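Subject: Handing over the structure

Dear colleague,

I am passing on the structure you asked to look at, followed by notes on what was found in it. Please keep the view open while you read.

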Amino acid sequence: MTWTEQQLPADHPPVKSGKVGVLVVNLGTPEAAETGAVRRYLGEFLSDKRVIEIPALVWQPILRGIILNTRPAKSAAAYREVWTDKGSPLAAITADQAIGLQERLGAETNGGVTVEWAMRYGKPSIPEALEALMDGGCERILLAPLYPQYCAATTATVVDKAADWLRERRWQASLRTLPPYHDDPAYIGALATDLGRQLDALDFVPEVLLLSFHGMPQRTLDLGDPYHCHCRKTARLLEEAMAQTGKYPDLRMVTTFQSRFGRAKWLEPATDTTLEEEGVKGTKRLAIAAPGFSADCLETLEELAIRGKEQFLEAGGEQFATLSCLNTSEPGMAMLETIIRRELGGWI
Ligand SMILES: C=CC1=C(C)c2cc3[nH]c(cc4nc(cc5[nH]c(cc1n2)c(C)c5CCC(=O)O)C(CCC(=O)O)=C4C)c(C)c3C=C
Ligand SMILES: [Fe+2]
Ligand SMILES: [Fe+2]
């Protein structure tokens with residue numbers, strides 16, 4: 001007889017059952033489109049040493065003295081432009097992706113797979129989601145940061161946060177992490193299918209398809225972060241996959257980096273500058289996609305779809321479309337199921 005089969009004392013902690021859990025994680029978002037909530041969110045996000053790689057003694061006075069007094073009101077106004085009745089788009093879509101994955105992975109043997117979701121900054125937090133999985137009997141957990149391209153400021157900080165939680169526990173769960181999937185045929189195929197479907201549904205034929213990735217300081221590339229190379233490889237493979245369909249022979253694809261923050265040099269070319277340049281040089285019809293974002297969010301719905309459109313049209317462009325992220329589309333969910341199942345090999 002094993003210990004777990006014996007009669008346990010009444011005050012014994014619950015015995016887990018060895019189930020498998022998946023925790024999908026995305027960046028984080030404020031709890032409301034209001035200055036105070038945005039200040040709390042940005043305070044946590046921009047205090048992460050993986051995100052702002054400046055010594056805290058130098059950075060914290062700038063953050064607390066300037067940025068958190070000026071940016072939250074402006075950002076809150078931007079969030080209000082895209083807020084939904086289910087809250088922030090990023091949180092609502094991530095929650096729906098977790099529900100979709102639960103449906104796809106829930107019916108396995110060995111008690112099924114339990115799927116939870118979390119935000120790296122804000123709520124639900126990574127520790128509370130991991131705690132919920134363990135309370136539900138999960139002893140093996142796949143941590144799945146939904147970032148196709150690895151970046152220390154995104155992927156690594158999710159793993160750090162989970163490791164902080166493990167450090168505090170006597171009985172740890174066994175953790176695996178989802179590797180970056182920037183060049184995975186399942187991901188490239190899902191993008192090609194989904195973007196192709198959206199291009200076909202437009203009421204104009206774009207001359208240019210801009211692939212806009214989130215930017216990073218140039219210094220992180222010089223220090224060896226693979227993010228820039230991952231973005232470039234995704235873009236190349238996607239271009240090849242779309243060319244293979246033979247459907248868009250005249251479509252010019254251009255890769256850019258968006259959301260510059262602060263004064264340091266960021267990865268180039270910048271999305272906003274490129275939109276203006278395209279308009280000025282006579283491009284009339286342009287579509288933009290953000291393949292690095294798993295879910296639509298402030299950066300796609302406001303920065304690209306609202307401000308990007310204005311920039312292009314003011315520079316002389318005539319027709320503009322922002323294509324949706326993979327979100328909960330059938331190709332997107334099938335891709336997530338494929339790459340997650342692969343990592344669960346041997347567990348289910
Ligand atoms: C130095 C600052 C920032 C780095 C580095 C950075 C990297 C980075 N971010 C994402 C994905 C997202 N970022 C989002 C919002 C956002 N990003 C920054 C700054 C940096 N990002 C800020 C200040 C904000 C908040 C909004 C604002 O005030 O402008 C989001 C959207 C969040 C939402 O609520 O919708 C995502 C997603 C990646 C992938 C990345 C590195 C590769
Ligand atoms: Fe960002
Ligand atoms: Fe932005």
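This is a predicted model: local features need pLDDT of at least 70, side-chain atom pairs count only at pLDDT 80 or more; totals for chains, interfaces and linings use all residues.

Residues are numbered from 1 along each chain as its sequence is written, and chains are lettered from A and ligands numbered from 1 in the order in which they are written.

Helices (H or I, at least four residues) and strands (E, at least two) are DSSP runs, numbered from the N terminus, and two strands pair if DSSP finds at least two bridges between them. One open sheet has four strands in the order 2-1-3-4, paired in parallel, and its edge strands, which each pair on one side only, are strand 2 (113-121) and strand 4 (174-177). On average, neighbouring strands of this sheet are turned by 25 degrees against each other, direction ignored; axes here are lines fitted to C-alpha atoms, for helices over the stretch in contact, and angles run from 0 to 180 degrees between N-to-C directions. Within the sheet, strand 1 (residues 19-28) runs parallel to strand 3 (residues 138-145) and is joined to it by seven bridges, with Lys19 standing opposite Cys138 in strand 3. Helix 5 packs on this sheet, touching strand 1, strand 2, strand 3 and strand 4, and its direction makes about 155 degrees with that of strand 3.

The axes of helix 4 (residues 126-135) and helix 5 come within 9 Å and cross at roughly 60 degrees. Where they meet, Ile126, Pro127 and Leu130 in helix 4 are in contact with Val158, Lys161, Ala162 and Trp165 in helix 5 (C-beta atoms, placed from the backbone, within 7 Å).

The other open sheet also has four strands with parallel pairing, in the order 6-5-7-8, and the edge strands are strand 6 and strand 8 (319-322). Strand 5 (residues 208-214) pairs with strand 6 in the parallel sense over seven bridges, and Val208 stands opposite Arg252 in strand 6.

Some backbone details deserve a careful look. Most residues other than glycine have a negative phi, and most peptide bonds are trans. Another cis peptide bond joins Glu268 and Pro269, with omega about 0 degrees, and Pro269 is found in the loop between strand 6 (252-258) and helix 9 (271-280). Ser259, which lies in the loop between strand 6 and helix 9, has a positive phi near 65 degrees.

Finally, of the 22 residues around ligand 1, Thr29, Ser75, His214, Cys297 and Leu298 come nearest (a residue is near a molecule if its C-beta atom, placed from the backbone, lies within 6 Å of it). Helix 2 (56-82), helix 5 (152-167) and helix 10 (298-314) are the elements that give two or more residues to this shell.

Notes:
Two residues are in contact if their C-beta atoms, placed from the backbone, lie within 7 Å.
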